[in-house]
Amino acid sequence: MQSYASKQDSYFANARREIEPLLPSSAPRVLEIGCGAGATLAWLKERGTCQSTTGVELFEAAAAEARTRVDHVIVANAEQWIARAGDMPAFDLVLCLDVLEHMVEPWAFVAQLEQLIAPGGSLVCSIPNVR
């Protein structure tokens, strides 16, 4: 796993506003995998896109910051967490923004996300490393 210890705090704190054209007009319940400090989820809530936000974050320091702006924060390795997440409520929007390329089995993870997406829900992913 890649080390993020040397990353500046701002690495985890940027709202990903460039996804706006991909967003549904309304998504009451939003889940972000790799939520960092929660800036994107806070932005979605501020703009009225959602009412409830949940983030999964690997790093406790970033998760601690996210707790100040996100409704629910889970500190976990997302690939391990997804296997136990079957009892979670369904989400209207799931975000995987620049996280899949860090996973051991990213497409298996995406397949497992289906259990967490409500009927008619959306999955928005960005993958900067096409390899």
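A residue is called buried when its relative accessible area is under 20%. In this predicted model, Cys50 has a relative accessibility of 5%, and therefore counts as buried.

**Cysteines**

A disulfide is a covalent bond between the sulfur atoms of two cysteines. The structure holds zero disulfides. For Cys96, the closest cysteine sulfur belongs to Cys125 and lies 4.5 Å away, which is too far for a bond because a disulfide requires sulfur atoms within 2.5 Å. Cys96 is itself buried, with a relative accessible area of 0%.

| Cysteine | Relative accessible area |
|---|---|
| Cys50 | 5% |
| Cys96 | 0% |

**Nonpolar cores**

Cys96 also belongs to the largest nonpolar core, a set of 18 residues in which Leu31, Ile33, Trp81, Cys96, Phe109 and Leu116 touch the most other members. At least two residues of this core come from each of strand 1 (29-33), helix 3 (78-81), strand 4 (91-97) and helix 4 (106-113), and strand 4 gives the most, with three residues. Apart from this core lies another, of 17 residues, which includes Leu23, Cys35, Leu44 and Val73. Leaving aside residues up to four places away in sequence, Trp81 touches Leu31, Ile33, Val56, Ile74, Ala76, Met88 and Leu116.

**Helix 1**

Helix 1, which spans residues 39-46, is mostly covered, since six of its eight residues are buried. These are Ala39, Thr40, Leu41, Ala42, Trp43 and Leu44, and they pack against strand 1, strand 2 (52-57) and strand 4. After helix 1 comes Gly48, whose phi is positive, near 85°.

Terms used. Residues are numbered from 1 along each chain as its sequence is written. This is a predicted model: local features need pLDDT of at least 70, side-chain atom pairs count only at pLDDT 80 or more; totals for chains, interfaces and linings use all residues. Side-chain values use heavy atoms; hydrogens and water are left out. Buried means under 20% relative accessible area, exposed over 50%, partly exposed in between (1.4 Å probe, protein chains only). A nonpolar core is a set of buried Ala, Val, Leu, Ile, Met, Phe, Trp, Tyr and Cys residues joined through side-chain atoms within 4.5 Å. Helices (H or I, at least four residues) and strands (E, at least two) are DSSP runs, numbered from the N terminus. Contact means heavy atoms within 4.5 Å.
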